[in-house]
Amino acid sequence: MRTLSAILLAGLLLAATSPATPATPGPVPPPALAVEDTMHTEVPPVFVNAKRVTLDEILDRVAAGEARRDSLLEDQGYQLTVRLVGHAAERKEPRLVMEDVERVYQRRPNQVRRIPLRHWEAKPPKEGARANVKVETGGTMNEDIVNFAFQPDARRKFKYRIAGRQVLGDHVVYRLAFEPKSVLDVFEPSGEVWVDTRDYVILRQEITFRQSPVPLFLRGIDRMVVERQRVDDFWVLSRVFARVRTTIPLPQVGTSLDLAIRFDDYTVNTGLPDSLFVAPAAAPAPKETGR
Amino acid sequence: MNAQHGTRPGARARRLTALAAVALAAALLAPHAARAQGALPDTALKSWVRSMSDSTAEYFGLSAQPPDTAGLDSALEEGLAKPPGSRNVFRTGRRLALSAAPIFEFNRAVGAAYGASGALAYGHDLGRLRGSLQWANGPDDWYGTGGYAIRRADFDDEERAWSFEVDAGRRFESLNRDHYSAFFTFVDAFVYGTDRHSYLQRDGVRTSARVSTTGRWAELGYRNELESPLVTTATWNLLGRRLTLEPNAPAAFGRASEVRLAAGAQVPRTPLEASVTAWNAGGALGGDLGYHRYLAALGGGFGLGPHLAFTPQVEYSRLTGAALPQDALYLGGSYSLLTVEPQSLAGTGRAVAHVELMTLDGVQRLVGWKEDSAFPIQLGAFAGLAARWGYDPATGVPRVTPRDWPGSEQWMSEAGVSVMFRPGLPDPESYLRIDYAWPLGPTDREAKLYLSWKRTLYLLGRH
């Protein structure tokens, strides 16, 4: 009995501390591995002759993975927040200049409905003098801002290299760097993307511009980040940030500003109703009776 | 009762053993089950995504904070209650837009031309009507065109686009069809009297359609215009200098019915870009003027380390059929050889090669003085080689020749240094350049200091 109880206790303890335990709230720490430091041994290196995936193959798979992701999206809804923050990298305290919140519904092939939820400005302009930051969303659900450099056509414009790899659980994440083939292309950015090789979808992107496109007014774009989040089986846009520095101070903004776009509260492939996009047909007019 | 519900030692032990076995199995299988469900690996991926996201949020601070959700639900409810198409639904903002701008041009053929241009558009997707009207005090005549233009681009990719335009009217233009810098030519003519272009008048209609996608474009154009010569009517300039070139070279009179086909593409796996243009007039197209004109160009920018760029470019062009002054191939000036007077040489064949080594960053950054300057000054050194052939040696006017390549004696070369500034406006790729060039080899040409506004790969201009 004592033995059985001990086995039972040990089993329950093991089960309780297993990483699969769903009862533990919050992030589960990775399993701790004991380090043996009293014994040393050397083993000869093992040469692996298996064919390694080439960069071209990776690029093909990323293009296919992104296209597959796009093709599986039938509809989506999300809350879109656009925010402009002034004095973002100055001695002054950063200051919210404008915030726009909308609910966006999109459905194939190109239907879109945007419902404004809030518009806030630190200093509302006079009537007729409005100059807003407006983020346009078309009906398509392609996320070109993430994969523009990895579409098949873009291979003509960019050159690529593998900048790194890391293993996260059983996901292998590749870090791919890209830059314009022509050094004279001032509008094409350079950058890095992190690609999950399980479904070859881009998880994150960091973009840099070697030169300012308009040096006279724009000192530079310090940092631009595009993040994705997983919703059900899809990686979808999560946040886009850009920090811009200008050569001349702008009203309310100063010489540095952040543009932040945030995508929250996603619904994906829920079968959005027609009524969201199409106005109900007008009631038919009564027929003339002839009298 | 007790016996019924009591626990017999044997049965209890069996139950405990079974429970222990289940617990052990659970313990042993848990990691595999977790792996099968993706819980462990996804946890690692999720925590990586979260850590990257946290570091981004830390960098962007206030910009990364989530919005206040107060009132959003009721606003959504209210918005959803309204039917699609009402004011709360996003629309492309279709509205009537009118724009207008004054025009002032000057050259020795038409003198001062005063006028205005305007455009009328209803939204972005229906195109725009446009027009201009000028009165030229030299010939005391009116010039003006009216037309329609539309451009539609893919929402996600601005380079995937098509456009169409048609214009009709009377205009004055340079005989040099390939390269013409409006602003600097105006300054040369109006201020200094150093404009070396000659001009003609064109009356008629012209239209073109263009499609483009990433790294490729094609254009088809047609024009039917009556071409007529102009004479010099204004010999003055602001500084009162004597004109560098007083007579305006006369164009041949006649109707041109011309088709133009142009295409460009990036060369795969290289930073090179190629473009070809063909103009054909006469024959089955009708009109009085018959000629065939071809131009091909290739160029690109190669990075040499982090700070330097090497930019080679070549152009080859040829004119067959009638060698008319308004279709000739001109040589000299900022688009070929700086040490040759602009537009001073004309022929029915032209070849140009130009290489340049330039800094990619401003000097201020290179010397560590300023990381990002509003006025990044770039430096360059260049060499050029060019030839024209097919001309009358006595008069220099173009003459038809079956030769497709110049003789060795017809090549001219030069070298030079440049100081450049790219403001990014109005054309993001154009540089304001000060070039100092000197001729190479035995020649009577002289070294020249030149101010110009052009792209680095100027031979790849889209004709």
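Student: How many salt bridges does a search of the whole structure find over all chains?
Tutor: The search finds 53 salt bridges. Keep in mind that this is a predicted model.

Student: What lets side chains pair like that?
Tutor: Side chains of opposite charge can pair when their charged atoms come close.

Student: OK, which residue forms a salt bridge with B:R202?
Tutor: That partner is B:E173. Their closest N and O atoms are 2.6 Å apart.

Student: And where do B:R202 and B:E173 lie?
Tutor: B:R202 is in strand 6 of chain B, and B:E173 is in strand 5, residues 161–174. The pair therefore ties together parts that are 29 residues apart in sequence.

Student: Is B:R202 buried or exposed?
Tutor: B:R202 is buried, with a relative accessible area of 4%.

Student: What about B:E225? Which residue does B:E225 form a salt bridge with?
Tutor: B:E225 forms one with B:R206, and the closest N and O atoms are 3.0 Å apart. This pair links distant parts of the chain. B:E225 sits in strand 7 (residues 216–229) of chain B, B:R206 in strand 6, and they are 19 residues apart.

Student: How accessible are B:E225 and B:R206?
Tutor: B:E225 counts as buried, at 0% relative accessibility. B:R206 is partly exposed, with a relative accessible area of 22%.

Student: Which side chain does B:R223 meet in a salt bridge?
Tutor: B:R223 meets B:E258, at 3.2 Å from N to O. B:R223 lies in strand 7 of chain B and B:E258 in strand 8 (residues 254–266), so this pair ties together parts 35 residues apart in sequence. B:R223 and B:E258 are buried.

Student: Which residues do shared partners join into one network?
Tutor: Salt bridges that share partners join B:R171, B:E173, B:R177, B:R202, B:R206, B:R223, B:E225, B:E227, B:E258 and B:D327 into one network.

Student: New topic. How much space lies in the second largest pocket?
Tutor: About 630 Å³. The pocket is lined by 34 residues. B:D188, B:S334, B:P342, B:Y450 and B:L451 lie nearest its centre.

Student: Which element gives the largest share of that lining?
Tutor: Strand 19 of chain B, with six residues.

Student: And what classes of residue does the lining have?
Tutor: It has 14 nonpolar, 13 polar and seven charged residues.

Student: Which residues in helix 5 of chain B are buried?
Tutor: B:F184, B:T185, B:V187, B:A189 and B:F190 are buried there. The buried residues of this helix pack against strand 1 (96–107), strand 6 (199–213), strand 18 (430–440) and strand 19 of chain B.

Student: What follows helix 5 of chain B?
Tutor: B:G193 does, and its phi is positive, near 70°.

Student: Over to chain A. How many helices and strands are there?
Tutor: Chain A has three helices and 10 strands. Of its 291 residues, 47% count as buried.

Student: Where is A:F209 found?
Tutor: A:F209 is in the loop between strand 7 (201–208) and strand 8 (218–231) of chain A.

Student: What does A:F209 touch, not counting residues up to four places away in sequence?
Tutor: A:F209 touches A:V186, A:F187, A:P189 and A:I221.

Note on methods
Residues numbered from 1 in each chain as written. Chains lettered and ligands numbered in written order. Predicted model: local features only at pLDDT ≥ 70, side-chain atom pairs only at ≥ 80, totals over all residues. Heavy atoms only, no water. 1 Å grid on protein atoms, 1.4 Å probe; cavity = no way out; pocket = protein on both sides within 12 Å on 5 of 7 lines; lining within 4 Å. Points joined across faces, edges and corners; volume = space filled by probe spheres on them. Helix = DSSP H or I, 4+ residues; strand = E, 2+ residues; numbered from the N terminus. Nonpolar A, V, L, I, M, F, W, Y, C, P; charged D, E, K, R; others polar. Buried < 20%, exposed > 50% of the residue type's maximum accessible area, 1.4 Å probe, protein only. Contact = heavy atoms within 4.5 Å. Salt bridge = Lys/Arg side-chain N within 4 Å of Asp/Glu carboxyl O.
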